[in-house]
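Subject: Structure for you to look at

Hello,

Here is the structure I promised to pass on. Please open it next to this email and follow along.

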Amino acid sequence: MRPAAIFTGITGMAVVVGLLMAGEARLRGGTAGEETAPAGETAAAPDATTEPTERAATISDERAEMIARSVVPAGSPPPEPPDRAAPKLATITQQAAPVEKKAMELPRPLVENAGSLSFGERRLHLAGIIPTPADKICGSAGRHWPCGMMAKTALRQLLRNRSITCDLDAVEWKGTAIATCRLGTQDLGTWLAENGWAEAEAGSPLAPIAEKTRQAQKGIYGGDPRRK
């Protein structure tokens, strides 16, 4: 091999080694700079961490509740309402409860028909009864009779202007009330159904009684009692 070629090869290798060493020096210089920069920032690090800690210590209840809600997984049941809502719920429940009816004495009822009474401007329908109109006519052709008027008269003779007891929300009411009423221990609705002077409402406890009376052809279900 020629000496010139050998010299050229050695020179080239020396250049490559020099370049590699220069690059390594530069890399070391950059790493040192990066390590030095955080060193200055580390001194301020305690202040940065201290401030959030102090804020977390003084966080309000509302903020804590918002954070807790934000981390609830999707599909989880909603949180239960606070206990302070319980008294309000109890108050609403008490207000919504129906008023219990009480037995109240009503003096001198006026009979409007077999099933309806009046006390001045107030009217009352007997519960479970379909009032028989006073002008109702019963019977077949040629045997008509004023069953409505006779039913009214029968109830009026039973009461004879005496006081009755009715289950009502209050003694005073406006318009028409519906109530169960008694003369002593005799239920007026039951008396009308048993004697056939009024029909019973569908589904009423008086319906079976009225059906038996109809089959027996008593009261408005039968003939003119004046002919007997």
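Start in helix 5, where you will find Asn195. Keep in mind that this is a predicted model. Is Asn195 buried or exposed, or something in between? Its relative accessibility is 27%, so Asn195 counts as partly exposed. Now look at what surrounds it. Leaving out neighbours within four places in sequence, Asn195 is in contact with Thr213, Lys218 and Gly219. Asn195 and Arg214 are 19 residues apart in sequence, and their C-alpha atoms are 9.5 Å apart in space.

Stay in helix 5 and go to Thr190. Thr190 has a relative accessibility of 18%, so this residue counts as buried. The cut-off for buried is under 20%. Beyond the residues up to four places away in sequence, Thr190 touches Leu206 and Ile209.

Next, the helix pair.

Two packed helices are described by the angle between their axes and the distance between the axes. Helix 5 packs with helix 6, which covers residues 207-215. The angle is about 25 degrees, and the axes are 7 Å apart. The two helices are therefore roughly parallel to each other, because angles under 35 degrees count that way. Which residues make the contact? From helix 5 come Thr190, Ala193, Glu194 and Asn195. From helix 6 come Ile209, Ala210 and Thr213. By type, the residues of this contact split into three nonpolar, three polar and one charged.

Now the sheet.

Strands of a sheet pair through backbone hydrogen bonds, either parallel or antiparallel. Take the pairs in turn. Strand 1 and strand 6 run antiparallel and are joined by five bridges. Across this pair, Ala103 stands opposite Asp167 of strand 6. Strand 6 also pairs with strand 8, in the antiparallel sense, over two bridges. There, Cys166 has Cys181 of strand 8 as its bridge partner.

Look at strand 6 from both sides. In a regular strand the side chains alternate between the two faces of the sheet. Strand 6 has a covered face with Ile164, Cys166 and Leu168. Its uncovered face has Thr165 and Asp167.

The largest nonpolar core has 34 residues. Which of them touch the most other members? They are Leu124, Ile164, Leu168 and Leu192. Several elements give two or more residues to this core, among them strand 1 (102-106), strand 4 (122-126), strand 6 (164-168) and helix 5 (188-195). Helix 4 (147-159) is also one of these elements. The largest share, five residues, comes from helix 4.

Click on Leu124 and show its contacts. Not counting residues up to four places away in sequence, Leu124 touches a list that includes Leu106, Phe119, Cys166, Leu168, Trp173 and Cys181.

Most residues other than glycine have a negative phi, and most peptide bonds are trans. Two residues here have a positive phi. Arg160 has a phi of about 50 degrees although it is not a glycine. Asn161 has a phi of about 65 degrees, and it is not a glycine either. Where do they sit? Arg160 lies in the loop between helix 4 and strand 6. Asn161 lies in the loop between helix 4 and strand 6 as well. Arg160 has a relative accessibility of 58%, so Arg160 counts as exposed. Asn161 is exposed too, with a relative accessible area of 51%.

Last, the whole chain.

The protein chain has six helices and ten strands. How many of its residues are buried? Of the 228 residues, 23% count as buried.

Best wishes

Note on methods
Residues are numbered from 1 along each chain as its sequence is written. This is a predicted model: local features need pLDDT of at least 70, side-chain atom pairs count only at pLDDT 80 or more; totals for chains, interfaces and linings use all residues. Side-chain values use heavy atoms; hydrogens and water are left out. A nonpolar core is a set of buried Ala, Val, Leu, Ile, Met, Phe, Trp, Tyr and Cys residues joined through side-chain atoms within 4.5 Å. Buried means under 20% relative accessible area, exposed over 50%, partly exposed in between (1.4 Å probe, protein chains only). Helices (H or I, at least four residues) and strands (E, at least two) are DSSP runs, numbered from the N terminus. Contact means heavy atoms within 4.5 Å. Two strands pair if DSSP finds at least two bridges between them. Axes are lines fitted to C-alpha atoms, for helices over the stretch in contact, and angles run from 0 to 180 degrees between N-to-C directions. Angles under 35 degrees count as roughly parallel, over 145 as roughly antiparallel, 65 to 115 as roughly perpendicular and the rest as oblique. Ala, Val, Leu, Ile, Met, Phe, Trp, Tyr, Cys and Pro count as nonpolar, Asp, Glu, Lys and Arg as charged, and the others, Gly among them, as polar.
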